[in-house]
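Colleague: I'm new to this one. Can you walk me through it?

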Amino acid sequence: MVNLVAAQKPLLNLLMKMAGVKTHTVEIEPGTVMNFWVPVPEPEKAEVTLKKPTKPVVVLVHGFAGEGIVTWQFQVGALTKNYSVYVPDLLFFGGSVSDSADRSPRFQAETLVKGLRKLGVERCTVVGFSYGGMVAFKMAELYPEMVRAMVVSGSILAMTDSISVETLGRIGFKSSSELLLPTSVKGLKALLSVAAHKKLWFPDRLHKDFLEVMFGNRKERGELLEGLVISNKDTTIPNFRQLQKIHLLWGENDQIFQLELAHNMKDRQLGEKATVESISKAGHLVHLERPCAYNKCLNKILASLHQDDADNNSSSSSETKTTQ
């Protein structure tokens, strides 16, 4: 019997190419490869465009329950006119794999940055969702010269054991694996019920097909979840001095990482560079539930960053002329 989710992939690939991105595999090092969706190059400048982005770069980093282009399918087309958009599949998602035993967010961030550099990316704004937000925060901490700004949805700096216990207990799951690595249609429905604001109805056949296609590499993903949780006593707050902005863009009804957590993170950990914005009638999957509202907010913050750059360049130019 045909898997309906797998059968839709060629169509999604075509739509993404029409939107301006195509899949490209990068060998990070022997044994480690990462799949990226990269800007479609102009035919006559294929190599040049692949190596050097021609617009401000935006990197979209996915969460734990879906690979990159499935997670961000509604955002790509809204961004490619003004930005060079890169969508990675993190290790053990999509076509990305590694023979390394490291399963930490740090290793994901290191691998992602190596891949971006091989693609010619020197500076970018990172948009991270859930697990991808934690990887994005680690990127900004380790590579301040690479990450200029961040937009984060439904995520935290790091998954401490206290946050993990509180979150799982509140939403009624015994472990992260039970929540994020469902093995049955019932389990997938339970995940969607806490991730979405409104109840999503799909036939059981589609749930089953989604499980088969999107939840591969179960052993490695289980290890990723184990490597995600750190002890409270090992928690440190990174210095994000280099960032122009950290914008926390939340679903108002997020049950997994509640909006209150975003405000607390801004006030207690991120400081004055952070701003919080919420979208009503949306849960953890805010970018999928209300893509138009999400894209409007995302484009607004990206445009403001671009305007800040233009103002700074204009100011620097004026100072140079005055000095002369």
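Modeller: One term to start with: buried means under 20% relative accessible area. M159 has a relative accessible area of 9%, so M159 is buried. Keep in mind that this is a predicted model.

Colleague: Where does M159 lie?

Modeller: M159 lies in strand β8, residues 159-160.

Colleague: And which residues is M159 in contact with, leaving aside neighbours within four places in sequence?

Modeller: With that exclusion, M159 is in contact with M134, S164, L228, V229, I230 and F257.

Colleague: How far apart in space are M159 and I246?

Modeller: Their C-alpha atoms are 18 Å apart, and 87 residues separate them in sequence.

Colleague: Let's do the core. Which residues touch the most other members of the largest nonpolar core?

Modeller: Those are L60, I69, L116 and L270, out of 95 residues in that core. Helix α6, residues 131-142, gives this core its largest share, seven residues.

Colleague: Why do nonpolar side chains end up together?

Modeller: In soluble globular proteins, nonpolar side chains tend to be buried together.

Colleague: Take L116. What is L116 in contact with, beyond four places in sequence?

Modeller: L116 has contacts with F36, V59, Y86, V121, M139 and M146.

Colleague: On to strands. How are β6 and β7 paired, parallel or antiparallel?

Modeller: Strand β6, residues 124-129, pairs with β7 in the parallel sense. Six bridges make up that pairing. Within it, V127 stands opposite V151 in β7.

Colleague: How many residues of β7 are buried?

Modeller: Seven of the seven, so strand β7, residues 147-153, is largely enclosed by the rest of the structure.

Colleague: What about β1 and β2, parallel or antiparallel?

Modeller: Antiparallel, with eight bridges joining β1, residues 21-29, to β2, residues 32-39. K22 stands opposite V38 in β2.

Colleague: What do β1 and β2 form?

Modeller: They form a hairpin with two residues between the strands. G31 sits in the turn and has a positive phi of about 95 degrees.

Colleague: Which residues other than glycine have a positive phi?

Modeller: F92 is one of them, with phi at about 75 degrees. S130 is another, with phi near 55 degrees.

Colleague: Where is F92, and is it buried or exposed?

Modeller: F92 is in the loop between β4 and β5. At 4% relative accessibility, F92 counts as buried.

Colleague: Where is S130, and is it buried or exposed?

Modeller: S130 lies in the loop between β6 and α6. Its relative accessible area is 13%, so S130 is buried.

Colleague: Switching to helices. At what angle do α9 and α10 cross?

Modeller: Roughly 90 degrees, and their axes come within 9 Å. The two helices, α9 and α10, are therefore roughly perpendicular to each other.

Colleague: Which residues make that contact between α9 and α10?

Modeller: From α9, it is V185, L188, K189 and L192. From α10, it is D204, H207, K208, F210 and L211. By class, the contact of α9 with α10 has five nonpolar, one polar and three charged residues.

Colleague: How do α1 and α10 pack?

Modeller: Helix α1, residues 4-19, packs with α10 at an angle of about 70 degrees. Their axes are 7 Å apart. So α1 and α10 are roughly perpendicular to each other.

Colleague: Which residues make the contact between α1 and α10?

Modeller: L4, V5, A6 and K9 of α1 meet R205, L206, D209, F210, V213 and M214 of α10. The classes in the contact of α1 with α10 are seven nonpolar, no polar and three charged.

Colleague: Last one. Is V165 buried or exposed?

Modeller: V165 is exposed, at 61% relative accessible area. V165 lies in helix α7, residues 161-171. V165 and S176 are 9.4 Å apart in space, C-alpha to C-alpha, and eleven residues apart in sequence.

Conventions. Residues numbered from 1 in each chain as written. Predicted model: local features only at pLDDT ≥ 70, side-chain atom pairs only at ≥ 80, totals over all residues. Heavy atoms only, no water. Axes fitted to C-alpha atoms, helices over the stretch in contact; angles between N-to-C directions. Helix = DSSP H or I, 4+ residues; strand = E, 2+ residues; numbered from the N terminus. Parallel < 35°, antiparallel > 145°, perpendicular 65-115°, else oblique. Contact = heavy atoms within 4.5 Å. Nonpolar A, V, L, I, M, F, W, Y, C, P; charged D, E, K, R; others polar. Core = buried A, V, L, I, M, F, W, Y, C linked by side-chain atoms within 4.5 Å. Buried < 20%, exposed > 50% of the residue type's maximum accessible area, 1.4 Å probe, protein only. Pairing = 2+ DSSP bridges.
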